[in-house]
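Please open the structure in a viewer and keep the sequence beside it.

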Amino acid sequence: QVQLVESGGGLVQAGGSLRLSCAASGRTFSSYAMGWFRQAPGKEREFVAAISRSGGNTYYADSVKGRFTISRENAKTTVYLQMTRLKPEDTAVYYCAAGTFLTVPSAYNIWGQGTQVTVSS
């Protein structure tokens with residue numbers, strides 16, 4: 001069973017950048033598509049980005065397209081989310097998840113504990 005641990009969150013000014021990392025334990029990392037989701041206070045968890053098992057396909061929410069980049073290194077069992085031109089509305093707890101290459105949370109059955117990203121205006 002894969003376990004996921006996110007890191008890299010923090011406080012950043014609007015327009016700034018952050019890179020989130022999600023380290024996975026277990027030898028089956030490459031058999032999972034990976035996704036990033038986020039949840040702001042009082043809101044439902046929403047899809048941010050997904051990457052296929054090989055890394056050859058990616059998909060983004062419209063709200064982050066062109067600003068965020070998802071990538072993975074299967075040899076390091078790690079997935080990344082590079083976030084640029086951050087906006088206050090990007091403030092949320094960010095979760096990585098392992099599952100099927102889809103955009104809905106129910107497609108992912110393994111979740112990390114989350115990392116807080118706060119963007120100040």
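Predicted model: local features only at pLDDT ≥ 70, side-chain atom pairs only at ≥ 80, totals over all residues.

Residues are numbered from 1 along each chain as its sequence is written, and side-chain values use heavy atoms, with hydrogens and water left out.

**First stop: the disulfide**

Select Cys22 and Cys96, which are joined by a disulfide with an S to S distance of 1.9 Å. The term denotes a pair of cysteine sulfur atoms within 2.5 Å, and the structure holds one such link. Cys22 belongs to strand β3 (residues 18–25) and Cys96 to strand β9, so the pair links distant parts of the chain, 74 residues apart. Strands here are DSSP runs (E, at least two residues), as helices are (H or I, at least four), numbered from the N terminus. Viewed along its S-S bond, the link of Cys22 and Cys96 is right-handed, with an angle of 45° about that bond.

Are these cysteines buried or exposed? Cys22 is buried, at 0% relative accessible area, and Cys96 is likewise buried at 0%. Buried means under 20% relative accessible area, exposed means over 50%, and partly exposed lies in between (1.4 Å probe, protein chains only).

**Second stop: the salt bridges**

Side chains of opposite charge can pair when their charged atoms come close. A salt bridge is counted where a side-chain nitrogen of Lys or Arg is within 4 Å of a carboxyl oxygen of Asp or Glu; the count comes to five. Now select Arg38, Glu46, Arg67 and Asp90, which are linked in a network of salt bridges.

Begin with Glu46 and Arg38, whose side chains meet at 2.6 Å, N to O. Glu46 is partly exposed at 36% relative accessibility, whereas Arg38 is buried at 5%.

Move on from Arg38 to Asp90: this salt bridge has an N to O distance of 2.9 Å. Arg38 lies in strand β4 (residues 33–39) and Asp90 in the loop between β8 and β9, so the pair ties together parts that are 52 residues apart in sequence. Asp90 is buried, with 1% relative accessibility.

Arg67 is buried at 6% relative accessible area.

Select Thr77, in the loop between β7 (68–73) and β8 (78–83). Thr77 has a positive phi of about 45°, although it is not a glycine.

Finally, select Arg85, in the loop between β8 and β9 (92–99). Arg85 also is a residue other than glycine with a positive phi, near 45°. At 49% relative accessibility, Arg85 counts as partly exposed.
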